[in-house]
Amino acid sequence: MSKEIVEAMAVIKQAMIDDGPSELGSYAHVWHCNIAMACFDAIREGADNIPNEQALLIGNESARRFMKLFFDVETTNSKSGE
């Protein structure tokens, strides 16, 4: 990976940390929601037998895991922090 990419990713990661990643509406939360909905759409297109609620849970868990692995931040998609 080039130095520029590493530096850019560090800036994005720090922006997420500084904005409170576990709070609804934060920069990290926006990323979380976009990832979750992409997963939801892919699940619904590929598996008609999975209910929307389950597809949403899978999408949100996928997004949470991605954000932790890629940016080392904990995100949520609910007011209770779940």
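In which helix is L57 found? L57 belongs to helix α3, which covers residues 52-71; helices here are DSSP runs of H or I with at least four residues, numbered from the N terminus. The model is predicted, so local features need pLDDT of at least 70 and side-chain atom pairs count only at pLDDT 80 or more, while totals for chains, interfaces and linings use all residues. Residues are numbered from 1 along each chain as its sequence is written, and side-chain values use heavy atoms, with hydrogens and water left out.

L57 is exposed at a relative accessible area of 61%, where buried means under 20%, exposed over 50% and partly exposed in between, with a 1.4 Å probe and protein chains only. Its C-alpha atom is separated by 8.6 Å from that of F40, 17 residues apart along the chain.

Aromatic rings form a further theme. Rings of Phe, Tyr and Trp (its six-membered ring) pair if their centres lie within 6.5 Å, and planes under 30 degrees apart count as stacked, over 60 as edge-to-face and the rest as tilted.

| Pair | Centre distance | Plane angle | Class |
|---|---|---|---|
| Y27 and W31 | 6.4 Å | 75 degrees | edge-to-face |
| F66 and F70 | 5.2 Å | 15 degrees | stacked |

Y27 and W31 both lie in helix α2 (residues 27-46), four residues apart, or about one turn of the helix, and F66 and F70 have that spacing of four residues in helix α3. Y27 is partly exposed at 33% relative accessibility, as is W31 at 26%. F66 is partly exposed at 33%, and F70 at 47%. Ring pairs link Y27, W31, F66, F70 and F71 into a cluster.

Technical notes:
Helices (H or I, at least four residues) and strands (E, at least two) are DSSP runs, numbered from the N terminus.
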